[in-house]
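Trainee: I have a model open and would like to learn how to read it. Could we go through it feature by feature?

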Amino acid sequence: MAFTPRVFSGIQPSGDLHLGNYLGAIRRFVPLQQSYECVYCVVDMHAITVWQDPNDLRRATREVAAAFIAAGVDPKSSIIFNQSQVSQHAELAWVFNCIARIGWMNRMTQFKDKAGKNSENVSLGLLAYPSLMAADILLYKATHVPVGDDQKQHLELTRDIAQKFNNDYAASIGEQGLDPEFFPITEPLIAGPATRIMSLRDGTRKMSKSDPSDQSRISLLDDADAIAKKIKRATSDSEPLPETVEGLAGRPEADNLVGIYAALADLTKADVLAQYGGQGWGTFKPALAELAVAQLSPMIGEMRRLTDDPATIDAILRDGAERASVLAEATMAEVRRIVGFIR
């Protein structure tokens, strides 16, 4: 079956978007609009797998939508919406809960990391999170998903669920006159020199809002002075920058900062080292700070403007939800018939 080339991606509104969210995901959404139909979702239903303050959730949902638009996602040509406005996400997730196996969920690395030793006390939603993620993607029959390294396992599960649904309901799919490959086997889009941004204080740890040190991350609401200071104070080692990419091995902080420069400048790490290899941090960090301010400040300014106008953001999300619902209902109408639901 020839599926429409379509990208789906979602970001949790967990608050305090940072440079890792921007370079690892949001910035990469923009060029995809040239080659694919794009559906970009603020996944607020995923967010409540752990308790959220309702007011904070609303604020963070608008903040993520503002970041999409400020980064260059066009809400007229692409679809931007929040997940909870399209009820078919939850409906398809239940069908997939009955397709997926508990053993699959228990093997999810992120569940193990988040649950820790208290797996008996976490929400059922946290365990079933990957099933809802699969529904998010397959509801739109997305052919491609931009993913970071830490999301590849979830996409593999999505592919397993699609395949199992297609196999389990092969006879019914045929009776409905539908293509045997009802759901696509979605492909990952992994690209760029910095798909995983690490902490500015510890190059072995992922940049995260949960880090107690504000100096570990660049927030997407930081002003120019804060951005420059955080980069100049970032942890580095005592050696000058190497002249080859191979020389970054075993130097996590150097690798991270070079990767950030490369991503912001649309270069490879090799390009960056061709320019700065052999030079010290006293030269490189100010150059990185200047680049980061130049690249991020216009977007941050637009993001601030948008978040100060919640009515406009809400209207964009409603319009996106209406357009997403058309696609979602087309899929669910077929799924209901395939499964045997009377409607």
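## Reading the model

Mentor: Start with one residue and its surroundings. Setting aside neighbours within four places in sequence, Leu200 contacts Met207, Gln215, Ser216, Arg217, Ile218, Lys230, Ala234, Thr235, Asn256, Leu257 and Ile260. Keep in mind that this is a predicted model.

Trainee: Where does Leu200 sit, and is Leu200 buried or exposed?

Mentor: Leu200 is in the loop between strand 5 and helix 10. A residue counts as buried when its relative accessible area is under 20%. Leu200 has 2%, so it is buried.

Trainee: What does Ser216 touch?

Mentor: Apart from residues up to four places away in sequence, Ser216 touches Ser199, Leu200, Arg201, Met207, Ser208 and Asp211. Ser216 also belongs to the loop between strand 5 (187–189) and helix 10 (224–232). With a relative accessibility of 1%, Ser216 is buried as well. Its side chain reaches the backbone oxygen of Ser213 at 2.7 Å.

Trainee: Now the whole chain. How many helices and strands does the protein have?

Mentor: The secondary structure comes to 14 helices and five strands. The radius of gyration is 21 Å, close to the 20 Å that the globule rule gives for 343 residues, so the protein is as compact as a globular protein of that length. Along the principal axes, the C-alpha atoms fill a box of roughly 70 × 45 × 45 Å.

Trainee: What share of the residues is buried, and what share of the contacts joins residues at least 24 apart?

Mentor: Buried residues account for 50% of the 343. For contacts, consider those between residues at least 6 apart in sequence: 78% of them join residues at least 24 apart.

Trainee: Next, the strands. How do I read the pairing of strand 1 with strand 2?

Mentor: Look for the bridges and the direction. Strand 1 and strand 2 run parallel and are joined by six bridges. Together, strand 1, helix 1 (residues 19–32) and strand 2 form a right-handed β-α-β unit.

Trainee: Why is strand 1 described as largely enclosed?

Mentor: Count its buried residues. Five of the six residues of strand 1 (residues 6–11) are buried, so the rest of the structure largely encloses it.

Trainee: How many bridges join strand 2 to strand 3?

Mentor: Four bridges join strand 2 (residues 37–42) to strand 3, and these two strands run parallel. Val39 stands opposite Ile79 of strand 3.

Trainee: Which way do the residues of strand 3 point?

Mentor: Side chains on a strand can be sorted by direction. In strand 3 (residues 79–82), Ile79 and Phe81 point one way, Ile80 and Asn82 point the other way, and all are buried.

Trainee: How do I read a record annotation, such as the "binding site" at Asp136?

Mentor: Treat it as a label from the record, then look at the atoms. An unreviewed UniProt entry gives "binding site" for Asp136. Asp136 is in helix 7 (residues 124–138) and is buried, with a relative accessible area of 2%. Not counting residues up to four places away in sequence, Asp136 touches Phe8, Val43, His46, Gln83 and His89. The side chains of Asp136 and His89 make a polar contact at 2.7 Å.

Trainee: Which residues does the "'HIGH' region" motif cover?

Mentor: The unreviewed UniProt entry lists residues 13–21 for this short sequence motif. Over residues 13–21 the chain is 33% helix and 0% strand, with its end C-alpha atoms 11 Å apart.

Trainee: Last, backbone angles. What is the phi of Lys141?

Mentor: Lys141 has a positive phi of about 45 degrees although it is not a glycine. Lys141 lies in the loop between helix 7 and strand 4 (144–146) and is buried, at 12% relative accessible area. Asp266, also not a glycine, has a positive phi near 55 degrees. Asp266 is in the loop between helix 11 (252–265) and helix 12 (269–276), and is exposed with a relative accessible area of 64%.

Note on methods: Residues numbered from 1 in each chain as written. Predicted model: local features only at pLDDT ≥ 70, side-chain atom pairs only at ≥ 80, totals over all residues. Heavy atoms only, no water. UniProt positions renumbered as here; feature names shortened; annotations may be inferred. Buried < 20%, exposed > 50% of the residue type's maximum accessible area, 1.4 Å probe, protein only. Pairing = 2+ DSSP bridges. Contact = heavy atoms within 4.5 Å. Polar contact = N/O pair within 3.5 Å; in protein donor to acceptor, adjacent residues only side chain to side chain. Right-handed = clockwise from strand over helix to strand, strands pointing away. Rg over C-alpha atoms; globule rule 2.2 N^0.38 Å.
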